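Here is a short report on how the chains of one model meet. Keep the structure open as you read.

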Amino acid sequence: MSFLDLFRNLDQLFVNVSGWLLGLLPDWLQPWASIAMRIGVIAAIAPAIMMYLTWIERKAIARMQNRYGPTRVGIYGLAQPLADGLKMLNKEDIVPRGADRLVHLIAPVLAVAPAILLFAVMPFGRNLIAADLNVGLLYVFAISSISSYAIFMGGWASRSKFSVLGAMRGVAQIVSYEVPSVLSAVAVIMVTGSLSLGTIVESQAGYWFVFTPWGFVACLIFFLSGVAEVNRTPFDMPEAESELVGGFHTEYSGMKFALWYMAEFLESFAVCAFTVALFLGGWHGPAIPFWVLALALAILIGTARLLPLPVRGVGALVMVGAGVFWAAQPIPSWIWFLSKTYFLFFVLVWFRGTFPRLRADQLMGLAWKFFLPLALVNILVAGVWLMPQTPVRWAPCLLILWGAVSLLVAVNKPSITDRRTYVLAD
Amino acid sequence: MSATTAETQLLEINLGPQHPSTHGVFRMIATLDGETIVKLKPVMGYLHRNHEQIGEGITYVASFPFTDRLDYFNAMSNNFGLALAIEKLGGIQASERGEYVRVIMAELTRLVNHVAVTGFLLNDMGAFGTPLLYAFRERERILDLFEAASGSRMMCNYVRPGGVREDVPVQWLERAREIVNNFPIFLDEFETLLTENEIIQQRAKHVGVLPKTLAVNASITGPMARASGVNYDIRKVDGYSIYPKFAFKVPLGSVGDVYDRYYVRILEMRESVKILQQALKDIPGGPAISPKGQAISKAPRTFKPPKGEAYGRVESPKGELGFYLVSDGSSQPYRYHIRAPSFINLTVLEDMCLGQKVADAIIILGSIDIVLGEVDR
Amino acid sequence: MVGRGVLKGMWLVLREFLSTYPLGRMVLRVTGQPAGNRLVTVQYPDEKQQHAERFRYFPFLVYDQTPDNLRCVACKICEQECPPQCIHIVGPAKDEQGRPLKVHGRTYPVEFDIDTSICMSCRICVDVCPFDAIEMDNQYEMSSTERFGEMAFNKEKLLKSNEYFQQIKPTEASVVDQRLEAKKPKPAPTQPPTPPSAA
């Protein structure tokens, strides 16, 4: 196979390139080199992903708030993450007096390590998975729960009241949200009969799980619990900056602080990636071929009266071109996976740009009184879904879910439901 | 079932004076049982600037720029209050156009203050600045109006006894009309973002309840009292300036929690828009300041009011803002005292916070709407 | 329905997000949403905001034609009335016998300092000046690394021509010019109008 042939099949580009590179080595070295290469790629890619996630977040939130965001360093501020990294490295590393220096140092490292380890089982594309473990999903839950230790260690070792409060909140929150998160994934395991992420994605070839009643509910629970586990708005209790200053990382500065951030962003990415893998079809595209969509869009744009004529022309031509191109060459699986993941990350940022945060006790209530029972009911729904393979199964599934949701809302009596009137006095 | 008690320790934390959500250099010493507040002691005075004492050593007019710095969101209202007190003390009649301009400025200030405080409240709840920045986007437009009229965006120093320092520039009224007429559109958007939001309702409803009786007993004024259902608005009660000419309502809440305080402010902004529209329609021509007022602001030292005392009060966006002046017949006040609404509204902080969570204490403080410049003076 | 408010808020934020991009505005226009560009950032050092004509910062001293022909007669009213007391005047200039020195028929200050680190830009000095000798500048880019040396403006630094004043504040300057013109006709005033009570 010549070098150029590697680019013929974009879908398997990375697989072929790695195979070609390994082929250059002697046989006895190949297994070891293969492992080393996977580790190396992940270790190199993870920080790069994190850096540009911060850029995406800053840009997107800025635009949501009618600002530009970073524009100064490089074009569109693209070098901003590099500048931030350099700044963080240069900053003085302050450890509070009376802090447990060793634990204070270990905690951020312990937070980043599992976040990077999660990348090992991330199904980036067809055959593009560093280690397709047969217990992949179990591995994900096991590894991601380590971060609660890190948060507690960091908060405790800082010897600051705000840190301790943040750490306590963090541990309570992460442990609580593990439960609905795992239970919502149980539905997926029931339907696919496998814990391997590769198999789970493969089995979504025809339809994504999110388009089934149980899949939709499980997806919401999994994603929102994931958001809570990685402490992002509206569940950013442990670091609630308006209450606890910085929560568990109040007393961190310099590169250690950057490590906390890295852990948070990598875990957010992982949550998005695993939600995509479990519910949003992973590396599969939609059931309709993309060129059909592109041509439909071309017709839509070309006939849209409200747009100026040149825009209609150019837009339609671009869409026709895209349709023709992708008809000849299907969109590579890794592009599907990454674009879906980044879209979910955008949703995370969108949450952050929109919502205030819940209160700590309300957050716990949400996990234990709403998500947990709903996830349990959802397992039942998944069972109902599996029994008769007919279109009629939609009805009982939707009925059970609707009943469960309205019952839970009624039982929990949120203060949302009280309507108020305001007198306009003279 | 046997009752077992666990040994727990109370945790005392200092929220402030350097804390992101204390709106300045304010400090709350909170004693926590877990996350529940069992005791809360507000500490203030970090921004004390001796304003009243300084005011007794300078002429009456020279106090105006200092009142800008009391509640730096509402410079115009503060000016207005002092001007009313001086007018009462010296028996000065304001020119009609001057009155209209002052009322327009005071109501614009109310819009500025209420959007900003709602944004800050949401920031305290943990929104990442989005409502605040939308609020500031609109606030900027009004501040531009202030700049065009007075030369400064926040430290306006514009109102004088007898009217305003100089008339509004040409085209100003048209600009103001446009901004005022567009304001309800922004308010609708703002409400879309906030009012129905389940997270906000969950956070704000039944949190920091201020009962009606306590509000009256603690002499709480402003939107905070009205959220608790106390129908007390100086514009209606006192009818100062030309407010009786305008048709507007006073929105009242029922529960007196953070949500009511938020929503009463939104409704008040809608009423302010009504007042503004009427005032901008009816504003007469003529001088913006009466001759006597003009003379005072040109030569402050010649103004020597007769011996006596006067209390001028306005419905500042934060509550009843009163200026108490005692004259001994010289060009400087013998006694100069301010009834600062932020300060007095802050006194019920502990009553509202007890039994709530830390996170609630922050938003309760945010909903009181304090500015430390006014609390400490 | 629970969740509606949250979704409405998210939709609004998405609309704001889209409205900052040309493509997004197009999408909004097609779907019939309000599609004005809401980006309000002014990228400061590159572009500057147009400020209002009345915008005021620190005061300056006005002179006509030549710098020695300044309007200030060192009557010290502004020094007295300045609320934060940031003005310091030495003068009027006198000769050895104690008679006031005059330039262009006016007394003048020997020193005129304004400590701009104290000045709060309130404009009261302008209001009280009977000679229209002091006006508000709109120059605001004046950071310095030193509090006492550079922020305390002396007479040379404060002096600016009437043309400059006319240029930055045309409306106000024309009113002032008319007022001064009205005062002029009396031939060579020997005594400037005494300020009311300097005690």
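## Salt bridges

A salt bridge is a side-chain nitrogen of Lys or Arg within 4 Å of a carboxyl oxygen of Asp or Glu. Side chains of opposite charge can pair when their charged atoms come close. By this rule, the count over all chains is 53 salt bridges.

One of them pairs C:Asp46 with A:Arg72, at 3.0 Å from N to O. C:Asp46 lies in the loop between helix H2 (22-30) and strand E1 (59-63) of chain C, and A:Arg72 lies in the loop between helix H2 (30-64) and helix H3 (80-90) of chain A, so this pair joins two chains. Helices (H or I, at least four residues) and strands (E, at least two) are DSSP runs, numbered from the N terminus.

## About the model

This is a predicted model, in which local features need pLDDT of at least 70, side-chain atom pairs count only at pLDDT 80 or more, and totals for chains, interfaces and linings use all residues. Residues are numbered from 1 along each chain as its sequence is written, chains are lettered from A and ligands numbered from 1 in the order in which they are written, and side-chain values use heavy atoms, with hydrogens and water left out.

## Where chain B meets chain A

How many residues does each chain bring to the contact between chain B and chain A? Chain B gives 55 residues and chain A gives 38. Contact means heavy atoms within 4.5 Å. The two chains bury about 4000 Å² between them, and carbon and sulfur atoms give 56% of that. Buried area is the accessible area (1.4 Å probe) that two parts lose on being put together, summed over both. On the chain B side, B:Phe128, B:Ile199 and B:Gln202 lose the most area to chain A, together 17% of what that side buries.

Four salt bridges link chain B and chain A. A:Arg420 forms a salt bridge with B:Asp257, and their closest N and O atoms are 2.6 Å apart.

Two strands pair if DSSP finds at least two bridges between them. Strand E1 (residues 423-425) of chain A pairs with E6(B) in the antiparallel sense, over three bridges. There, A:Ala425 has B:Val250 as its bridge partner.

Chain B has a pairing within itself. Strand E7 (residues 308-316) and strand E8 (residues 319-327) of chain B run antiparallel, joined by nine bridges. A hairpin of two residues connects E7(B) to E8(B). B:Glu315 stands opposite B:Glu320 in E8(B).

## Where chain A meets chain C

Chain A and chain C each bring 19 residues to their contact. They bury about 1900 Å² between them, with 71% of it on carbon and sulfur atoms. The count here is one salt bridge. Six residue pairs are in polar contact, both residues at pLDDT 80 or more. On the chain A side, H2 and helix H14 (333-354) give two or more residues. The largest share, five residues, comes from H14(A).

## The two parts of chain C

Chain C is divided into domain 1 (7-49) and domain 2 (59-182). These bounds come from an automatic or database domain assignment. The domain centres, taken over C-alpha atoms, are 46 Å apart.

Definitions and conventions: A polar contact is a pair of N or O atoms within 3.5 Å; within protein, one must be able to donate a hydrogen and the other to accept it, and residues adjacent in sequence count only if both atoms are side-chain atoms.
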